[in-house]
Amino acid sequence: MTSPAAVLEAVRSVVGDAPRIGLHEPEISGPEREHVLAALDSGYVSSVGAYVDRFERELADYTGAASAVAVANGTAALHVALVLAGVRPGDLVIVPALSFIATANAVAHAGAAPWFVDSEAGTMGMSPDAVRAALEGPEGGRIRAIVPMHTLGHPVDIAGILAVAAEHGVPVVEDAAESLGSFVGDTHTGRFGALGVLSFNGNKTVTTGGGGAILTDDPELGRRAKHLTTTAKLPHRWEFEHDEIAWNYRMPNLNAALGVAQLSKLDRYLRAKRRLAAAYAAAFADVDGADIVLEPPGTRSNYWLVALRLAHPDRARRDAILAALVDDGVQARPMWNLLSEQRMYRDAPRGPLGTATALVDSIVCLPSSPALGER
Ligand SMILES: Cc1ncc(COP(=O)(O)O)c(C=O)c1O
């Protein structure tokens, strides 16, 4: 049995003895000030400006995507990506029950309903077998898209999911909100499906304060993503002509300036986070009944949040460990409560959720700021 005191001691041996250790804190330094001041000085603080174009170009370069469209947040990115994938009111969309609320909410914003499926223990992400069971079940014909999510930055079994999706002709939209800097082989997460989305919320590996992006390798989908997230305005020097009902989901130039600065430090962040994950793994090597979740074989994880896993799922023990850490000033967190248990989605269709439930009862997310890996 893993004792809360032993976990606290192991975590403290890695993060040091500062009175308060955050879960994931951004590092704001020289380049951020320089670029945000340049955006202020340019007078372009809002929805157009050179930094938006530059951030989009640099994101496309880094991920290898043909097109990256910067938007207000990851939820908005997912909403529009689903619409572009063909999701319409009344449709069903397969999502992992174990995810942040935005994954299901974006489906609801598109007028569709989520179909919740189980996770795999190794990746903590969507199970291809569960996807197959949903597609081959009685409601399978109503399923219009599949949304795998790369949990805490660890790549999901995307090859398995793509194979089932292709058999049934259903598009994949990757929720890569947590996985900037995570790769399967040489390919960045978010580039396997028809579209993928990133988040730059304040707690992510790279932050723009708030923000997101839509990635796609299809130039026409990229053009449509830009058009639909910028009110569908037709280019003209003064006329306000819009050719469809769209959204004002653009990322402001000020936020993009922050993003350009943060992106320039991404490789350093990733190195620091790998070092931190390795330090945690070493610290827990001698702790009974718990270990650190490592990147799946054949992938490179960004280790967005380092996950400690209890060998035996036990909600009470998990909570005792969280209490010991939080009481000592260490901001640890559980996984999310299953989406299928949130009151809005209690009646949504679902498959068996045994592995996802066990993951909720056994995972504690540990402080993972890049600065901790640079100590
Ligand atoms: C898995 C997942 N999907 C979607 C989002 C939504 O992103 P945002 O907060 O930028 O709207 C987040 C995180 O915030 C997330 O963790």
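Tutor: The largest nonpolar core comprises 52 residues, and Leu82, Val93 and Leu152 are those with the most contacts inside it. Such a core is a set of buried Ala, Val, Leu, Ile, Met, Phe, Trp, Tyr and Cys residues joined through side-chain atoms within 4.5 Å; buried means under 20% relative accessible area, exposed over 50% and partly exposed in between, with a 1.4 Å probe and protein chains only. At least two residues of this core come from each of strand E1 (67-71), helix H4 (74-84), strand E2 (92-96), helix H5 (101-109), strand E8 (195-199), helix H8 (219-229), helix H12 (354-362) and strand E14 (363-366). Helices (H or I, at least four residues) and strands (E, at least two) are DSSP runs, numbered from the N terminus. H4 gives the largest share, eight residues.

This is a predicted model, in which local features need pLDDT of at least 70 and side-chain atom pairs count only at pLDDT 80 or more, while totals for chains, interfaces and linings use all residues. Residues are numbered from 1 along each chain as its sequence is written, and side-chain values use heavy atoms, with hydrogens and water left out.

Leaving aside residues up to four places away in sequence, Leu82 touches Val87, Val93, Ala106, Val107, Ala145, Val147 and Val173, where contact means heavy atoms within 4.5 Å. Another core, of 26 residues, lies apart from the largest one and includes Val306, Leu308, Leu366 and Leu372.

Leu152 is placed in the loop between strand E4 (143-146) and helix H7 (158-168). Leu152 counts as buried because its relative accessibility is 1%. Its phi is near 60 degrees, a positive value in a residue other than glycine. Most residues other than glycine have a negative phi.
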